[in-house]
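Reader: I am new to this structure, and I would like to know what stands behind the words used for it. Please set each value against its definition as we go.

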Amino acid sequence: MVNVVIGGLMATLSASKSNDEKHVTLFNGYVYPAVGNSTFLFTPFVGYLIQKTGFSLSMLCNVIVTQICIALCWLPTLYSQYVMLVFFNLIQAFAYTMEFTYIQLTYPPQLYGPLIAFVVAFQGVIGLIAWPGLSPNPFGATAFTPVLLICLIPSFLLYYVAWHQKQYDDAAKQVVLGKVVNGSSPTSKERLSQMVGEQEQQEQESSETTYTLQSQQQDLLQGK
């Protein structure tokens, strides 16, 4: 929602921060389309953070970068919007990476499709608040504060979500730590031995299958 609102306000927002038409045209025509669609540069970092720390820290970061992005929209210079675009990308990187990763790691495979469909549909409904609800700006072309506050104030409630998720991340870490302590996490030597054993078993099964086929062929020939 925040990205849709800010994206919809971008042209008038940048124009309100500079009287230099060339600079505004450069920003809206080239910088925003190029830099504003660079989310893919940040998603690997988000994925690594989730892998190492769980979801609670990533959720917290998502709330913080969202609030910083909104706050940067209030700064008076057009140059500040270059920095804002970085956080604009971070919002999308955290949101989409967590969305799909959380579903895949938390729920059984048969629920992936329905849950992703539900989440995307819900995002579409929320998006209607952003557009056409808040974009174009219903408060006036240059009245940015009411719209930005509508995006900012609810975001403080999301700190609870990050805090609530922490207990599940801690429980997951304890499970992993317990497996390592109890020796259920195999060493490289044990893994190698296991691989050799599996290979020998496959070879034995292959030999038995070949012998069975040969026996069946002989029986057929004798039957003729």
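Author: Let us begin with contact, which means heavy atoms within 4.5 Å. Residues are numbered from 1 along each chain as its sequence is written, and side-chain values use heavy atoms, with hydrogens and water left out. This is a predicted model, in which local features need pLDDT of at least 70 and side-chain atom pairs count only at pLDDT 80 or more, while totals for chains, interfaces and linings use all residues.

Reader: Which residues does S80 contact, leaving aside its neighbours within four places in sequence?

Author: With those neighbours left aside, S80 is in contact with L72 and L75. S80 itself belongs to helix 5, where a helix is a DSSP run of H or I with at least four residues, a strand is a run of E with at least two, and both are numbered from the N terminus.

Reader: Why is S80 called buried?

Author: The word buried is kept for under 20% relative accessible area, exposed for over 50% and partly exposed for what lies in between, with a 1.4 Å probe and protein chains only. S80 has a relative accessible area of 8%, and therefore counts as buried.

Reader: What makes I6 buried, and which residues does I6 touch?

Author: The relative accessible area of I6 is 1%, so I6 is buried. I6 sits in helix 1, which covers residues 2–15, and, not counting residues up to four places away in sequence, I6 touches C69, C73, M84 and F88. The C-alpha atoms of I6 and L134 are 9.7 Å apart, although 128 residues separate the two along the chain.

Reader: What makes G124 partly exposed?

Author: The relative accessible area of G124 is 41%, a value that also makes a residue partly exposed. G124 lies in helix 6, and G124 and M1, 123 residues apart in sequence, are 9.2 Å apart from C-alpha to C-alpha.

Reader: Why does Q165 count as buried?

Author: Q165 has 8% relative accessibility and therefore counts as buried. Q165 is part of helix 8, and its contacts, leaving aside neighbours within four places in sequence, are with F55, S56, M59 and Y102.

Reader: How do you know that the buried residues of helix 7 line one face?

Author: The buried residues of helix 7 are F144, V147, L148, C151, L152 and S155. Seen down the axis of helix 7, these residues fall within an arc of 125°, so they line one face of the helix; the arc is that of the directions from the helix axis to the C-beta atoms. An α-helix has 3.6 residues a turn, so residues three or four places apart point the same way.

Reader: What is the volume of the second largest pocket, and which helix gives the most to its lining?

Author: A pocket, on a 1 Å grid over the protein atoms alone, is an open set of points with protein on both sides within 12 Å along at least five of seven lines, and its lining residues have an atom within 4 Å of a point. The second largest pocket has a volume of about 270 Å³, a volume being the space filled by probe spheres set on the points, which are joined across faces, edges and corners. Of the 14 residues in its lining, I50, G54, F55, D169 and A172 lie nearest its centre, and helix 8 gives the most, with 5 residues.

Note on methods. On a 1 Å grid over the protein atoms alone, a cavity is a set of points where a 1.4 Å probe fits but cannot get out, and a pocket is an open set with protein on both sides within 12 Å along at least five of seven lines; lining residues have an atom within 4 Å of a point.
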